[in-house]
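Please look slowly through the structure shown here, turning it as you read. The paragraphs that follow take up a helix, then a strand, and then a pocket.

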Amino acid sequence: MLPDDLLAALRNAQHVCVLTGAGISAESGVPTFREAQSGLWEHYDPLDLATPEAFLRNPELVWRWYRWRRELVANAEPNAGHIALARLAGLVPKLTLVTQNVDGLHQRAGSSGVIEFHGNLFEDRCFVEGCIVEPGVEDSVPTCPGCGAQVRPGVIWFGEAIPERALHESFSAAAQCDVFLSIGTSSLVYPAAGLAEIAVKAGATVVEINPNPTGLAALFDHAISAEAGTAMPALLEATWP
Ligand code: NAD
Ligand code: ZN
């Protein structure tokens with residue numbers, strides 16, 4: 001049973017802001033970082049692969065991991081959670097969708113204007129100047145045709161800055177929305193985790209959807225302990241029957 005005050009807040013909202021994390025793609029078969037990695041990569045800590053230091057130490061290894069993830073994501077399909085969020089855009093006057101995911105599954109589910117906090121798995125950038133590089137021949141470590149530097153995956157790694165525009169747009173949406181949904185994120189990685197705190201301070205109705213309630217849940221108005229692929233369609237159905 002979803003609480004009536006939550007349904008009313010969503011039904012009356014002028015601006016809904018959503019933050020998604022790896023959990024929303026879990027039901028598509030894309031593993032989250034903090035759950036056990038499976039198969040080939042179970043002996044590696046993602047924190048030792050998704051950093052600039054890891055790339056400098058062993059770019060071949062980092063590229064092998066990202067090519068494995070690209071293939072995994074390319075073979076995955078958006079799930080009911082992604083699809084419900086794409087539908088939500090048509091049900092409220094304004095929706096801002098911010099994702100920490102790099103998998104592009106929101107866009108494939110039909111969401112537009114997605115703010116990608118941590119970049120995109122399918123982009124290539126050069127390590128030195130950040131030039132966007134057209135994906136070309138799959139060398140073990142490609143080089144930039146512009147400056148000759150090594151090419152890296154175009155994702156934001158641990159310890160790197162969030163793109164200015166993503167940061168600005170998402171923080172202003174969090175401060176202005178009336179309902180904030182935090183879906184499938186461990187709320188451990190800042191500054192993304194700070195968005196929900198801003199929404200709380202701004203007086204929005206803040207809701208977490210996660211089968212494992214997080215440390216921040218106590219701050220929120222509602223914590224729905226369920227998987228996104230079940231909870232999101234149920235929330236839409238209950239709000240707009
Ligand atoms: P995380 O791995 O730290 O946490 C995932 C959260 O999702 C956990 O709290 C877990 O309880 C929850 N969860 C698991 N299954 C769920 C489901 N079916 N429905 C709802 N919630 C579910 O992920 P994070 O907080 O996003 O942060 C880690 C960083 O790793 C991110 O910044 C992201 O860039 C990167 N990452 C991205 C992908 C992707 O693009 N799909 C995958 C793994 C990691
Ligand atoms: Zn370059």
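A residue is called buried when its relative accessible area is under 20%. With that cut-off in mind, and remembering that this is a predicted model, turn to helix H8, which spans residues 192–201 and whose buried residues are Ala 192, Ala 193, Gly 194, Leu 195, Ala 196 and Ala 199. An α-helix has 3.6 residues a turn, so residues three or four places apart point the same way. The cover over the buried residues of H8 includes strands S1 (15–20), S2 (94–99), S7 (179–183) and S8 (205–209), together with helix H7 (164–176). Just after H8 comes Gly 203, where phi is positive, at about 90°.

The next stop is strand S6, made of residues 151–155, and because five of its five residues are buried, S6 is largely enclosed by the rest of the structure. S6 pairs with strand S4, residues 119–126, in the antiparallel sense over four bridges, and Gly 119 has Val 155 of S6 as its bridge partner.

Where is there empty space? Rolling a probe the size of a water molecule over the atoms shows where such space is left. The largest pocket holds about 870 Å³, and of the 42 residues that line it, Gly 21, Ala 22, Thr 32, Phe 33 and Asn 101 are the closest to its centre. Helix H2 (23–26) and helix H4 (59–74) are the elements that give two or more residues to this lining, with H2 providing the largest share, three residues. By kind, the lining residues of the largest pocket divide into 21 nonpolar, 14 polar and seven charged.

Note on methods:
Residues are numbered from 1 along each chain as its sequence is written. Chains are lettered from A and ligands numbered from 1 in the order in which they are written. This is a predicted model: local features need pLDDT of at least 70, side-chain atom pairs count only at pLDDT 80 or more; totals for chains, interfaces and linings use all residues. Side-chain values use heavy atoms; hydrogens and water are left out. On a 1 Å grid over the protein atoms alone, a cavity is a set of points where a 1.4 Å probe fits but cannot get out, and a pocket is an open set with protein on both sides within 12 Å along at least five of seven lines; lining residues have an atom within 4 Å of a point. Grid points are joined across faces, edges and corners, and a volume is the space filled by probe spheres set on the points. Ala, Val, Leu, Ile, Met, Phe, Trp, Tyr, Cys and Pro count as nonpolar, Asp, Glu, Lys and Arg as charged, and the others, Gly among them, as polar. Buried means under 20% relative accessible area, exposed over 50%, partly exposed in between (1.4 Å probe, protein chains only). Contact means heavy atoms within 4.5 Å. Two strands pair if DSSP finds at least two bridges between them.
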